[in-house]
Amino acid sequence: MEKAPNNTIHPACLQEPPLAMEVIRQMDAFNFSLYIMLSCMSCISLLLYLEQCIYIYTKNSYPKKTTIIWISGAAPVIATMSCFGLWIPRAVMITDMTSNCYFAVVVYKVLMLLVEELGGSTAFLQRFSGTPFRINTGPCCCCCCCLPRVPMSRQLLFWLKVGALQYAILKTALSVLSVVLWTNGNFDLSDLEITGTAIWINPFIGVLTITSLWPVAIVFMNTNSLLRSLNIVPKYAMYQLILVLSQLQTSIINILSLNATIACAPPFSSQARGSLLSQQMMIMEMFIITLVNRFLYRRSYEPLPSETHDNDKNNKANLSAALMEADV
């Protein structure tokens, strides 16, 4: 008679995430040093951001300064919330909700920054009214080359703003709903049954995310050539990087932990350990992005010249070249 394999599972692998004091009691010297180092990185990110807020607030005009403060705060806020989730594992649901809600507002603010760098909505429409805009951009329609160009108008700009703003509103509402259901035991990421709430809420949030990223990409792809002097390309790249790290990277780690690919390490279950690894990686990544954003955003902003000014400058240059040829 064959012996049954020994598939004994440690009880801690089936429990909830440990309390903060349980984590501290079971720390060795290496883990304690790691936690302190990550906490210092998070605090430095937050302090640098606060100092940058004071500088931007005093050197720039409204409403651009509030927009820049919101966008540059994405990395420090996510790092700070990850630090809380690192020390208090059972609060990860709330810290993740806070980070995601903040970034949902940042998506809308990036669109507004592109418009405000061109003088605001009125100046934007004066410059681009009737100009055909490409709409075959990511993440929705990057492969749809047959899509026609759409002329810019007040109505189109309104719907682009609505497309980005809906994510900030609905994402916040659904995140609060998820936390409320989670406290009652009705929201569980590991519950993939058709009757579970997570299987319905998370895909819907994914659709909202894609829908909100499309208007921002449309405006950026059609205006970035005018804003290169303001380092708009690296700023947009940092925004995209935060999106990938905070959304895609976290989702991949959660999927791996749900499949028990990430091993259980008492007192952390597989899912709790996956969340722990995600928080640790996020703090280090957001710390680096905070330093880069400080270099990109901590400066005074001068308004771009209007289209009329550009045309006059080009006409003067052409006239000077013609006079020089005539003299020769």
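A residue is called buried when its relative accessible area is under 20%, exposed when that area is over 50%, and partly exposed in between, using a 1.4 Å probe and protein chains only. By that definition Asn 231 is partly exposed, because its relative accessible area is 32%.

Good morning. Before I continue, a word on the source. The structure is a predicted model, in which local features need pLDDT of at least 70 and side-chain atom pairs count only at pLDDT 80 or more, while totals for chains, interfaces and linings use all residues. Residues are numbered from 1 along each chain as its sequence is written, and side-chain values use heavy atoms, with hydrogens and water left out.

Let me return to Asn 231. Where does Asn 231 lie? Asn 231 is found in the loop between helix 8 (198-223) and helix 9 (232-258). Helices here are DSSP runs of H or I with at least four residues, strands are runs of E with at least two, and both are numbered from the N terminus. Most residues other than glycine have a negative phi. Asn 231 is not a glycine, yet its phi is positive, at about 55°.

Val 23 has its place in helix 1 (residues 20-25), and it counts as buried because its relative accessible area is 6%. Contact means heavy atoms within 4.5 Å. With neighbours within four places in sequence left aside, Val 23 is in contact with Pro 18, Tyr 35, Pro 89 and Phe 268.

Residues up to four places away in sequence not being counted, Thr 290 touches Ser 45, Ala 75 and Pro 76.

Now to the salt bridges. Side chains of opposite charge can pair when their charged atoms come close. A salt bridge is counted when a side-chain nitrogen of Lys or Arg is within 4 Å of a carboxyl oxygen of Asp or Glu. How many salt bridges does the structure hold? It holds three.

One of them joins Arg 294 and Glu 51, whose closest N and O atoms are 2.6 Å apart. This pair links distant parts of the chain, with Arg 294 in helix 10 and Glu 51 in helix 2 (residues 29-59), 243 residues apart. Glu 51 also meets Arg 298 in a salt bridge of 2.7 Å, N to O. Here the two residues are 247 residues apart, and Arg 298 lies in the loop between helix 10 and helix 11 (307-327).

My last topic is the aromatic rings. Rings of Phe, Tyr and Trp (its six-membered ring) pair if their centres lie within 6.5 Å; planes under 30 degrees apart count as stacked, over 60 as edge-to-face and the rest as tilted. A search of the whole structure finds nine aromatic pairs. Among them is the tilted pair of Phe 124 and Phe 128, at 4.9 Å centre to centre and 50° between the planes. These two residues are separated by about one helical turn, because they are four residues apart in helix 6 (residues 121-128). Phe 128 also pairs edge-to-face with Phe 133, at 5.6 Å centre to centre and 85° between the planes. Phe 124 and Phe 128 are both buried, and Phe 133 is buried as well. Elsewhere, Phe 103, Phe 220, Tyr 236 and Tyr 239 form one aromatic cluster.

Thank you for your attention.
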